[in-house]
Amino acid sequence: MRKAERRKKIIEILSSSDSEISGEKMAELFGVTRQVIVQDIAILKSQGYDISSMSRGYLLNKHAQIEGIKMLIAVKHKKERIKEELECIVENGGKVLDVIVEHPVYGEITGNIGVESYDDVERFMSRLEMSKALPLLSLSDGVHLHTIQVKSKDDAQKIISALKKKNFILE
């Protein structure tokens with residue numbers, strides 16, 4: 001089976017399931033290694049499929065926003081400004097899907113965020129504080145990327161302008 005066919009089948013399997021499908025199960029089904037499935041999932045995500053990587057497997061968000069724009073923004077700031085940055089994005093119509101940092105040993109590290117309201121920001125900040133964990137930006141001297149989902153180009157421009165005004169954008 002060709003890679004493209006396998007990826008199409010992966011989407012079909014995830015689309016027909018209401019629960020997580022393990023990478024091991026898919027690897028067995030297609031006669032490949034789990035690492036091949038991990039790579040396929042990464043490629044599918046880069047093609048715009050909203051696939052969550054959970055502890056028990058993969059889940060496709062079937063209610064993902066179809067008419068929308070996903071954009072990647074590069075920002076830099078200290079831990080103390082995380083809340084301000086997230087609030088700036090949501091107040092201008094954006095949903096922060098993730099944070100991505102470049103690690104010198106591990107390469108790209110991505111963490112799911114999934115905030116689209118002030119309440120989401122509060123919950124995220126509370127979890128961060130209560131866990132005592134360091135945010136991913138601490139691994140890269142504050143430099144990181146966010147995948148942002150917006151409804152329109154106007155919303156995208158509003159977010160970029162607002163982040164520039166607050167000196168978050170890395171240029």
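Reader: Which residues does Asp155 touch, not counting residues up to four places away in sequence?

Author: Happy to start there, and please keep in mind that this is a predicted model. Asp155 sits in helix H6. Leaving out residues up to four places away in sequence, the partners that Asp155 touches are Asn92, Gly93 and Val150.

Reader: Is Asp155 buried or exposed?

Author: The cut-off for buried is under 20% relative accessible area. Asp155 has a relative accessible area of 15%, so Asp155 is buried.

Reader: Thanks! Where is Gly107 placed, and is Gly107 buried or exposed?

Author: Gly107 belongs to strand E5, which covers residues 107–115. Apart from neighbours within four places in sequence, Gly107 is in contact with Val101 and Glu102. With a relative accessible area of 18%, Gly107 counts as buried.

Reader: How far apart in space are Gly107 and Ala156, C-alpha to C-alpha?

Author: In sequence, 49 residues separate Gly107 and Ala156. In space, their C-alpha to C-alpha distance is 28 Å.

Reader: Let us step back to the fold. What pattern does the protein chain follow along the sequence?

Author: The secondary structure of the protein chain comes to 6 helices and 6 strands. Read along the sequence, their order is α-α-α-β-β-β-α-β-β-α-β-α.

Reader: Why does the radius of gyration agree with a compact globule?

Author: The C-alpha atoms of the protein chain fill a box of roughly 50 × 35 × 30 Å along the principal axes. For 171 residues, a compact globule would have a radius of gyration near 16 Å. The protein chain agrees with that, because its radius of gyration is 17 Å.

Reader: What share of the contacts with a separation of 6 or more comes from residues 24 or more positions apart?

Author: As background, 38% of the 171 residues in the protein chain count as buried. Among contacts in the protein chain with a separation of 6 or more, the share from residues 24 or more positions apart is 68%.

Reader: Which element gives the most residues to the largest nonpolar core?

Author: That core has 25 residues, and Val115, Phe124, Ile148 and Leu163 touch the most other members. Strand E3 (69–76), helix H4 (82–91), strand E4 (95–103), E5, H5, E6 and H6 each supply at least two residues. With 5 residues, the element that gives the most is H4.

Reader: What is Phe124 in contact with, leaving aside its neighbours within four places in sequence?

Author: Phe124 is one of the residues that touch the most other members of the largest nonpolar core. Beyond its neighbours within four places in sequence, Phe124 is in contact with Ile82, Leu86, Ile113 and Val115.

Reader: How many residues are in the other core that lies apart from it?

Author: This other core has Ile11, Leu14, Ile21 and Ile37 among its members. Its number of residues is 13.

Reader: Now the backbone. What phi does Lys132 have, and is Lys132 buried or exposed?

Author: Most residues other than glycine have a negative phi. Lys132 is not a glycine, yet its phi is positive, about 65 degrees. Lys132 is found in the loop between helix H5 (118–131) and strand E6 (143–150). Its relative accessibility is 73%, so Lys132 counts as exposed.

Reader: And where does Asn167 lie?

Author: Asn167, also not a glycine, has a positive phi of about 60 degrees. With a relative accessible area of 59%, Asn167 is exposed. Its place is the segment after helix H6 (153–165).

Note on methods: Residues are numbered from 1 along each chain as its sequence is written. This is a predicted model: local features need pLDDT of at least 70, side-chain atom pairs count only at pLDDT 80 or more; totals for chains, interfaces and linings use all residues. Side-chain values use heavy atoms; hydrogens and water are left out. Helices (H or I, at least four residues) and strands (E, at least two) are DSSP runs, numbered from the N terminus. Buried means under 20% relative accessible area, exposed over 50%, partly exposed in between (1.4 Å probe, protein chains only). Contact means heavy atoms within 4.5 Å. The radius of gyration is taken over C-alpha atoms; the globule rule is 2.2 Å times the number of residues to the power 0.38. A nonpolar core is a set of buried Ala, Val, Leu, Ile, Met, Phe, Trp, Tyr and Cys residues joined through side-chain atoms within 4.5 Å.
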